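Trainee: I would like a close look at a single part of this model. Please take me through it in one go.

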Amino acid sequence: MKARIAFAHPDTNPGKLAGLAALQREYRSYVQACVDQMVTAKRHHVALPERQTFFAPSSVLSSQIQKCARMQAVNTVSTWHAGLWCRLKQRLYQKKHTDGFRIEVRLVALYGLMAPKKCGHVEVTQEAIDLWRSWVWDPDVAGRTPVLAADAPMWLSEMTIAVEPPRASRRGCTAGLAKRWASVSCLVNGKRIAIPLVCDPKILSAVKVAKSVMVSRREDGRWRFQFTDDTPEPEFVPTPHRIAVDVGKNVLAATSDGQLLDRRTSVLFDRRWTSLHRHRRNRQQLGKHLEKLGRPEAAALLAHSPRLKRLERSMTGLVRTGAGRIANNLVRENPTATFVLEDLDLRGCKGRKRFAYRAVQRALVSRAPTLKVHAAYSSQTCRACGHVSRLNRAGTKFRCRGCGLLSHADVNAAVNLLGRSGDKQIGIKTHFTAVGVIVRDRYRRRRDRSVRSANRAPTVAPVGHCDVNSSHSGEGVGEDRAHV
């Protein structure tokens with residue numbers, strides 16, 4: 001599924017845009033009220049059948065828009081609750097708890113359990129649930145509760161928005177203003193706002209577009225409509241010819257045949273990432289200072305910076321453009337190849353690696369057959385002798401401590417990924433500790449075998465040996481004895 005973007009036409013009636021802005025204000029206010037109600041009730045999830053009775057109704061929004069707002073509120077609180085485990089798990093290990101109890105708390109945090117339940121072979125107790133809930137709903141432990149951003153998008157369903165071609169009933173030249181129009185429910189009961197759209201060229205018909213739409217207003221004043229394309233991805237048949245692609249450290253990608261692709265994009269991204277990180281850190285420090293002075297409203301406004309959003313948007317566009325260019329070139333140069341990609345866990349990954357991996361993966365999956373392999377220890381393993389060590393790699397340089405191989409680190413990792421594509425012992429679901437045991441055991445066996453072959457004496461026929469049936473056997477023996 002792909003995102004398709006459309007914008008409101010520059011010549012849209014200002015009165016219609018004002019009505020859309022009024023709808024967004026009321027929508028955001030109601031979503032925040034629903035979030036606060038869930039926090040007050042200490043609920044991180046509300047099931048669909050009880051949402052209508054749990055949340056207070058709105059006197060301004062229609063019933064269908066209220067359903068969308070409640071769904072967004074539940075997703076906001078659930079996402080916030082799911083992210084607390086990474087911040088609070090260290091608190092669990094600071095206390096003297098048993099390993100079994102820690103597993104119970106982890107299951108409560110990851111699956112959002114509300115009552116004692118058996119998960120696999122672990123019986124989750126009420127004590128673990130009460131401990132986790134006491135941390136989650138304590139502001140001094142979990143921090144600030146969810147606050148909806150000022151430019152948060154509206155999630156509108158098919159009952160509240162429709163994308164349609166221009167109708168002949170629209171008078172004047174407005175019907176020919178755009179090829180697609182968005183009909184959005186407004187605050188006036190029974191009426192809709194018709195917005196002409198500047199569409200993505202790939203939005204050819206409303207049948208291919210998903211039923212829900214995200215509507216938001218950017219800092220430059222343009223209205224943005226994000227659709228989800230339901231067109232199924234093309235299916236490719238894998239081929240024997242394979243090329244591994246590794247997301248590089250100072251290049252956007254490196255291949256197993258020695259190509260280093262798009263170094264310029266990596267340099268530009270790192271420069272903008274540094275600027276973004278510095279700007280964000282300064283605003284966070286200023287926000288903490290304002291909170292100490294008793295000005296939480298001003299601190300909350302600092303979290304939403306137009307400059308930060310421009311930098312994030314430019315970095316995303318930069319990486320997507322570079323990844324698309326790389327994918328086009330690789331597919332054009334290798335039309336019959338299957339591309340091997342690493343299956344990365346991005347939870348602890350930051351910076352360009354996270355952006356680039358997703359962009360390159362999506363670009364190649366939509367253009368050619370791909371195959372994912374396990375990525376554990378691929379950057380630390382020597383492609384020649386199999387020696388595994390963190391000391392083998394220093395930045396972009398790879399120098400094996402076992403055999404002395406000199407290579408580019410990203411190319412070496414790509415070659416290892418290519419080898420994993422045919423490895424029957426290391427699968428994509430193999431645990432990373434098991435992968436370490438396997439690769440180290442292979443290196444030891446290879447090393448011992450090479451040592452034994454080097455120490456083995458060459459096989460030479462003994463002096464004076466001859467066939468006993470030979471007619472010259474006596475002469476040969478006599479000559480050997482004479483030499484002795």
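Trainee: How much space lies in the largest cavity?

Mentor: About 50 Å³ of space lies in the largest cavity. First, the ground rules. This is a predicted model, where local features need pLDDT of at least 70, side-chain atom pairs count only at pLDDT 80 or more, and totals for chains, interfaces and linings use all residues. Residues are numbered from 1 along each chain as its sequence is written, and side-chain values use heavy atoms, without hydrogens or water.

A cavity here is a set of points, on a 1 Å grid over the protein atoms alone, where a 1.4 Å probe fits but cannot get out. Points are joined across faces, edges and corners, and the volume is the space filled by probe spheres set on them. The structure holds one cavity of 30 Å³ or more.

Now the lining, meaning residues with an atom within 4 Å of a point. Val245, Asp246 and Val247 belong to it. So do Leu341 and Glu342. Tyr357, Val360 and Gln361 complete the list. Helix 11 gives the most, with three residues. Helices (H or I, at least four residues) and strands (E, at least two) are DSSP runs, numbered from the N terminus.

For context, the protein chain comes to 14 helices and 17 strands. Buried residues (under 20% relative accessible area, 1.4 Å probe, protein chains only) make up 39% of its 484 residues.

Conventions
Buried < 20%, exposed > 50% of the residue type's maximum accessible area, 1.4 Å probe, protein only. 1 Å grid on protein atoms, 1.4 Å probe; cavity = no way out; pocket = protein on both sides within 12 Å on 5 of 7 lines; lining within 4 Å.
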